Amino acid sequence: MSKGSVLPQYIAGLSASFGALCMGASIGWSSPVEKMITESTDYGFAISTSQFGWVSSLLTLGATVVCIPIGFAIDWIGRRPTMLALIPPYMVGWVLMLFANNVTMLYFGRFILGMCGGAFCVTAPMYCTEICTTALRGTIGAFFQLLIVSGVLYGYLVGAFLPLLTINILCAILPLIFATIHFFMPESPVYLAMKGRNEDAAKSLQWLRGKDADIDDELKEILEESQKQSDAPKVNIVAALRRPIVLKGLGIAILLQVFQQWTGINAILFYSASIFEDTGSGLSGSNAAIIIGVVQVTSTLVGVAIIDKAGRRILLLISGLLMAVTTALMGVYFQLSESNPGSMDNFGWLPISSICIFMVFFSIGFGPVPWLVMAELFSEDVKSVAGSIAGTSNWLSAFMVTLLFPILKTAIGPGPTFWIFTAIAVLAFLYSLFFVPETKGKTIIEIQHMLAGGKAVDLDTKSAGGNKEQT
């Protein structure tokens, strides 16, 4: 029999990650519609700037509150059914956005969209890492971030050229496209084995590896690991999360998610349009946003291509270092512009190039890697809940950064605000250097052994991570 095909794994991974594109479109929606609904009143009722701030930030708040409950749901009903079950509430959210006749409907619509998007942020990375071989886990696990930034660019593009109603309709159809495609995808074979559905697990694995692939060895590994988990003494989830090895993995996953947000990505996105306009580049805010979106998508594509070759840790180190340098330069530009007006008139290229470089290196490192590592660090008995806790920390951080950035910018000035991001990026670099393990090419047992303080176990050790040799 043949070694199988990688194409079904790519199809299933992209299908699950399409939920991230839906969330990305919701994120990208805010920037182009701000003037439409605050200045032009395209909804037919007045929306103040502060109200629009809540319309924007309630998306991240909705994602924050849903992550932990969804962690239990994906173990109760499965990865694939959970993602499909998100479609009806997703459509409710967009119906509220389409037919809003007051700001409260917008509040509820954005909060519901955030809840659905946040649920995908926990479920899709886990599904992606469970359906693929160890050799492809980095690439397919990074699809999630690629589809998020693609969704943001989609929101920017439709928002730049179309009226509000059309924007809302084009964003609302995305969850329906996801449902149509993902309905035909298999459930995770790891989840099916965990539930004792061994025959279904075999069928799922055969579909994912190709109909002519020899899956006997890999299926045996998955079933053995599942049986081992089943035979282990039953403990409640709180006790399981308190195991030292789980606490260590949880600390790494949470801090990487916190660093992802607190290095300033959302603040950079928020401020980029005005930077392009203020520096006399001649670009409108919408065109500047599209350029930023294209840079993000292109750079994330590069990250997806190299993440299984370069490794996770080296990408985090390069990313943290360059984000520190670029935010420091932006801080210098704004500080000198404020303290000595006119002194930086000939240096308009500095913040623009700094933003683009920041986006490139965020997109190959701290953009995709935290989501991937979150899905790699934990054993099956705690993966869902531990991953949901890490996801909560990401969205809570995003909410806080979005809320605090304009306050800090007003209170201490944009220069010192960007230097705060510089300091956090330096901390992210140092933490990645000294505390983040390299998980490239490692099975779950090998990763657990590293977290326990030992060296990677012998490659003969088997786990649910998949067949290392299969490509």
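Residues are numbered from 1 along each chain as its sequence is written, and side-chain values use heavy atoms, with hydrogens and water left out. Local features need pLDDT of at least 70 and side-chain atom pairs count only at pLDDT 80 or more, whereas totals for chains, interfaces and linings use all residues.

The protein averages a pLDDT (the predictor's confidence in each residue, from 0 to 100) of 85, and 92% of the residues score at least 70. Over residues 455-471, pLDDT stays under 50. Where pLDDT is low, the predicted coordinates should not be read in detail.

The model has 10 salt bridges, each being a side-chain nitrogen of Lys or Arg within 4 Å of a carboxyl oxygen of Asp or Glu.

| Salt bridge | N to O distance |
|---|---|
| Lysine 203 and glutamate 199 | 3.7 Å |
| Glutamate 218 and arginine 209 | 2.7 Å |
| Arginine 312 and aspartate 308 | 3.0 Å |

Burial is judged by relative accessible area (buried under 20%, exposed over 50%, partly exposed in between; 1.4 Å probe, protein chains only). Lysine 203 counts as exposed because its relative accessibility is 52%, and glutamate 199 is exposed at 57%. By contrast, glutamate 218 and arginine 209 are both buried, as are arginine 312 and aspartate 308. Asp75, Arg79, Glu130 and Lys383 are linked in a network of salt bridges.

Notes. Contact = heavy atoms within 4.5 Å.
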